[in-house]
Amino acid sequence: MNSNDGNHMKKSLAIILILSVFSLLLCSCDTGKKPGFDDDDDWSAETTDGSDLPDYSVRRSPSHNLSRVDATENFDLMNFDSDDPWGAHQNLRMANGSIHNYFTYYSLDAYNNRVNENLSNVSMISRPIVMEYPADEEGYVIYEISYSQIFPISVKEYGDVYTAFFSYHGVGFLDYYTGTTYPTINLSTQIDSYSVHGDVIFQGNKYRMSCYEFREQEVLSSNVEQTADGAVITTETIKLISTTYFIVPEGYDGIVMFVYVADDSNKPLDEVLAEDNPYFTAPGIFGDDEDPNDYVFIGINAPQ
């Protein structure tokens, strides 16, 4: 797997999820306090509290087998030490509920021509549920961060569909104290899970840190109907459940989730297809090649 050259950054977390046409027809901080949510921004208008996720309250260990992933990568040393917290000086748009962002559905014929019009293109990401477990190694903890993303797909198709998929933005994570983004492997159509491992400096000591991601898909509803002009209206509701794990030193509380919310749903098809590979993105400083105004942020706090 090749390391990222720096061009694949957070706003390029455009992930492709292939849909089977057959299944469509069948199923048819200097104070230490993080910034607050601005009520003028309607990013949590729908109150999704994670109740559509599995019941985590009775578990005492991670819900996934962390030794079984589709791809693995290592990252270089990350430094989480800072006397002046990066996040305290950023005008980050914080959210405390669900977040809306954009996706794009594609229906292609046998010649790779697009034959659809999107009638809806806004997904909803639920507020994440955070669990904490003891790690096998003393001095470490496991954070489990779970959230769902609902895609209310509605498209009008004007020809025979050979393949169908949609492109969406996954979330990312960064360190509040230094602004360092956590490394990722792109969840392409080839993989639904990964792990990345490396060393971090925290409170003057070196620790081993690991990050894991798992993606699961569920079709909630599906319907296909003919229109008077000979086109087809396909409506479908897809739910993705994403679970991220961080194995970090005890006492570390700097994880922040970020979500790309700008509308880039007119991105050319060839650029979207070019993103469909499990490339590795190394740690970097958030804001080097993106506009923070295009993002919404959620502080990840351990359960009390």
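The protein chain exposes about 14,200 Å², of which carbon and sulfur atoms supply 45%, the accessible areas being derived by the Shrake-Rupley method with a 1.4 Å probe and, for residues, with only the protein chains shown counting as cover. The structure is a predicted model, in which local features need pLDDT of at least 70 and side-chain atom pairs count only at pLDDT 80 or more, while totals for chains, interfaces and linings use all residues. Residues are numbered from 1 along each chain as its sequence is written, and side-chain values use heavy atoms, with hydrogens and water left out. Of the 304 residues of the protein chain, 53% count as buried, where buried means under 20% relative accessible area, exposed means over 50%, and partly exposed lies in between (1.4 Å probe, protein chains only). The protein chain contains two helices and 17 strands; these elements are DSSP runs numbered from the N terminus, with helices (H or I) of at least four residues and strands (E) of at least two.

A pair of aromatic rings is described by the distance of the centres and the angle of the planes. In the structure, 23 aromatic pairs are found, a pair being counted if the ring centres of Phe, Tyr or Trp (its six-membered ring) lie within 6.5 Å, with planes under 30 degrees apart taken as stacked, over 60 as edge-to-face and the rest as tilted. For Y260 and Y295, the ring centres are 5.3 Å apart and the planes stand at 65°, so the pair is edge-to-face. This pair links distant parts of the chain, since Y260 lies in strand β15 (residues 255-260) and Y295 in strand β17 (residues 295-299), 35 residues apart. Y260 counts as buried at 8% relative accessibility, and Y295 is buried with a relative accessible area of 1%. Y295 also pairs with F286, and here the centres are 5.1 Å apart and the planes at 80°, so this arrangement is edge-to-face; both F286 and Y295 are buried. Elsewhere, one aromatic cluster is formed by F80, Y140, F173, Y182, F202, Y207, F246 and Y252.

Side chains of opposite charge can pair when their charged atoms come close. The structure holds four salt bridges, each defined as a side-chain nitrogen of Lys or Arg within 4 Å of a carboxyl oxygen of Asp or Glu. One of the salt bridges joins K156 and D229, whose closest N and O atoms are 3.2 Å apart. That pair links distant parts of the chain, with K156 in strand β8 and D229 in the loop between β13 (205-226) and β14 (232-249), 73 residues apart. K156 counts as buried at 19% relative accessibility, whereas D229 is exposed, with a relative accessible area of 53%.

A further salt bridge is made by the side chains of D192 and R215 (2.7 Å, N to O). Distant parts of the chain are again linked, D192 being in the loop between β11 (184-185) and β12 (193-202) and R215 in strand β13, 23 residues apart. D192 is partly exposed, with a relative accessible area of 36%, while R215 is buried at 7%. D199 and R208 likewise form a salt bridge, in which the closest N and O atoms are 3.8 Å apart; D199 is partly exposed at a relative accessible area of 28%, and R208 counts as partly exposed at 39% relative accessibility.

On the surface, E132, D136, E137, E138 and E250 gather in a patch of negative charge. Such patches are made of residues with over 30% relative accessible area and no salt bridge, like charges being joined within 9 Å; Asp and Glu count as negative and Lys and Arg as positive, with His and the chain ends not counted, and the place of a charge is taken as NZ of Lys, CZ of Arg, CG of Asp or CD of Glu.

Most residues other than glycine have a negative phi. N112, however, has a positive phi of about 70° although it is not a glycine; N112 is found in the loop between β4 (99-108) and β5 (116-118) and counts as partly exposed at 45% relative accessibility. Q203, also not a glycine, has a positive phi of about 55°, is found in the loop between β12 and β13, and is exposed, with a relative accessible area of 58%.

How values were computed
Patch = residues over 30% accessible without salt bridge, like charges linked within 9 Å, V, L, I, M, F, W, Y side chains within 5 Å.
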